[in-house]
Amino acid sequence: MILASLNLVDVLKGASAIELLVLVLLALTSAYSWALIAMKALQLRKARAESVTFLDTFWKSNRLDAIYGSAQKLETSPLARVFRSGYEELSKLAQHKQSAEGAMSERLGGIENVERSLQRASLQELTTLEAHVSFLGTVGSTAPFVGLFGTVMGILGAFNEIAEKGNATIATVAAPIGNALLATAAGLFAAIPAVVAYNSFLSKIKVFDTEMANFSNDFLNIVKRHFFK
């Protein structure tokens, strides 16, 4: 009912330059936020589906090379990428022949190389998952204040106009002040979805972080048992 009775054309015509700037800024920010939310939601959903597929393949297969072949097809799975990094490092180590004198030191250094490779890959995947998410947090925390700034400036302009004309009836005060409050509403419209999405994405990314750490430990244990006896 409120939106139906609100004439946006009249609001924009009566708005000051600052109010228009605030409304345009919030509109662009909101549009970009919604696009970012859709893109990030799709990315995380695909990463989750491919990670489930990878874990199922990993625990059912007895050959690392077969798992590696399957993991290469799962481009968006963080776990698959972490595995590929560890497997490639393990393959490099397997190509080097160990002498009897340096076997122990090479084995110790080898498992450390695999562990570092897994850690690097996990950090890279975490960075990829967190990309652009901070923007949503920034929008959620600042958009209401930007909208409030537009409202304050609109109310100040309305009072200055009333003071000049010397007419302070309800009819003359209600319209400009009501129009000024639109900036606050626009700020909330931009902030609320951004905050909800930001918290949701952080929660899902934290789950991926835990899964990558657990998988790295499991993979290292398997490697130690079978390749570094």
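Leaving aside neighbours within four places in sequence, Ile 37 is in contact with Leu 136, Pro 193, Ala 194, Ala 197 and Phe 201. The model is predicted.

**Chain overview**

- Read from the N terminus on, the elements run α-α-α-α-α-α-α-α.
- The chain has 229 residues, and buried residues make up 34% of them.
- Of the contacts between residues at least 6 apart in sequence, 82% join residues at least 24 apart.

**Ile 37**

- Ile 37 is found in helix 3.
- The relative accessibility of Ile 37 is 13%, so this residue counts as buried, the cut-off being under 20%.
- Ala 194, one of the contacts of Ile 37, lies 157 residues from Ile 37 along the chain, yet the C-alpha atoms of the two are separated by 7.8 Å.

**Helix 3 with helix 4**

- Two packed helices are described by the angle between their axes and the distance between the axes.
- For helix 3 (residues 17-60) and helix 4 (residues 64-71), the axes come within 9 Å and cross at roughly 165°.
- Helix 3 is therefore roughly antiparallel to helix 4, since angles over 145 degrees fall in that class.
- The crossing in which helix 3 passes helix 4 is right-handed.
- On the helix 3 side the contact is made by Phe 54, Thr 57 and Phe 58, and on the helix 4 side by Ile 67, Ser 70 and Ala 71.
- By class, the residues of this contact of helix 3 with helix 4 divide into 4 nonpolar, 2 polar and no charged.

**Helix 3 with helix 5**

- The axes of helix 3 and helix 5 come within 7 Å, with a crossing angle of roughly 50°.
- The two helices, helix 3 and helix 5, are therefore oblique to each other.
- Helix 3 contributes Ala 47, Ser 51, Phe 54, Leu 55 and Phe 58 to the contact, while helix 5 contributes Pro 78, Leu 79, Ala 80 and Phe 83.
- This contact of helix 3 with helix 5 has 8 nonpolar residues, 1 polar residue and no charged residues.
- Phe 54 and Phe 58 of helix 3 take part in the contact with helix 4 and also in the contact with helix 5.

**Aromatic pairs**

- A pair of aromatic rings is described by the distance of the centres and the angle of the planes.
- Across the whole structure, a search finds 12 aromatic pairs.
- One of them joins Phe 83 and Phe 215: the ring centres are 6.4 Å apart and the planes stand at 65°, so the pair is edge-to-face.
- This pair links distant parts of the chain, with Phe 83 in helix 5 (residues 78-95) and Phe 215 in helix 8 (residues 170-227), 132 residues apart.
- Phe 83 counts as buried because its relative accessibility is 0%, and Phe 215 counts as buried at 3%.
- Phe 215 also forms a stacked aromatic pair with Phe 219, at 6.2 Å centre to centre and 20° between the planes.
- Phe 215 and Phe 219 both lie in helix 8, where they are 4 residues apart, about one turn of the helix.
- Phe 219 has 0% relative accessibility and so counts as buried.
- Ring pairs link Phe 54, Phe 58, Trp 59, Tyr 68, Phe 83, Tyr 87, Phe 215 and Phe 219 into a cluster.
- Among the members of this cluster, Phe 54, Phe 58 and Phe 83 are also residues of the contact between helix 3 and helix 5.

Definitions and conventions:
Residues are numbered from 1 along each chain as its sequence is written. This is a predicted model: local features need pLDDT of at least 70, side-chain atom pairs count only at pLDDT 80 or more; totals for chains, interfaces and linings use all residues. Side-chain values use heavy atoms; hydrogens and water are left out. Axes are lines fitted to C-alpha atoms, for helices over the stretch in contact, and angles run from 0 to 180 degrees between N-to-C directions. Angles under 35 degrees count as roughly parallel, over 145 as roughly antiparallel, 65 to 115 as roughly perpendicular and the rest as oblique. A crossing is left-handed if the near helix is turned anticlockwise from the far one by less than a right angle, and right-handed if clockwise. Contact means heavy atoms within 4.5 Å. Ala, Val, Leu, Ile, Met, Phe, Trp, Tyr, Cys and Pro count as nonpolar, Asp, Glu, Lys and Arg as charged, and the others, Gly among them, as polar. Rings of Phe, Tyr and Trp (its six-membered ring) pair if their centres lie within 6.5 Å; planes under 30 degrees apart count as stacked, over 60 as edge-to-face and the rest as tilted. Buried means under 20% relative accessible area, exposed over 50%, partly exposed in between (1.4 Å probe, protein chains only).
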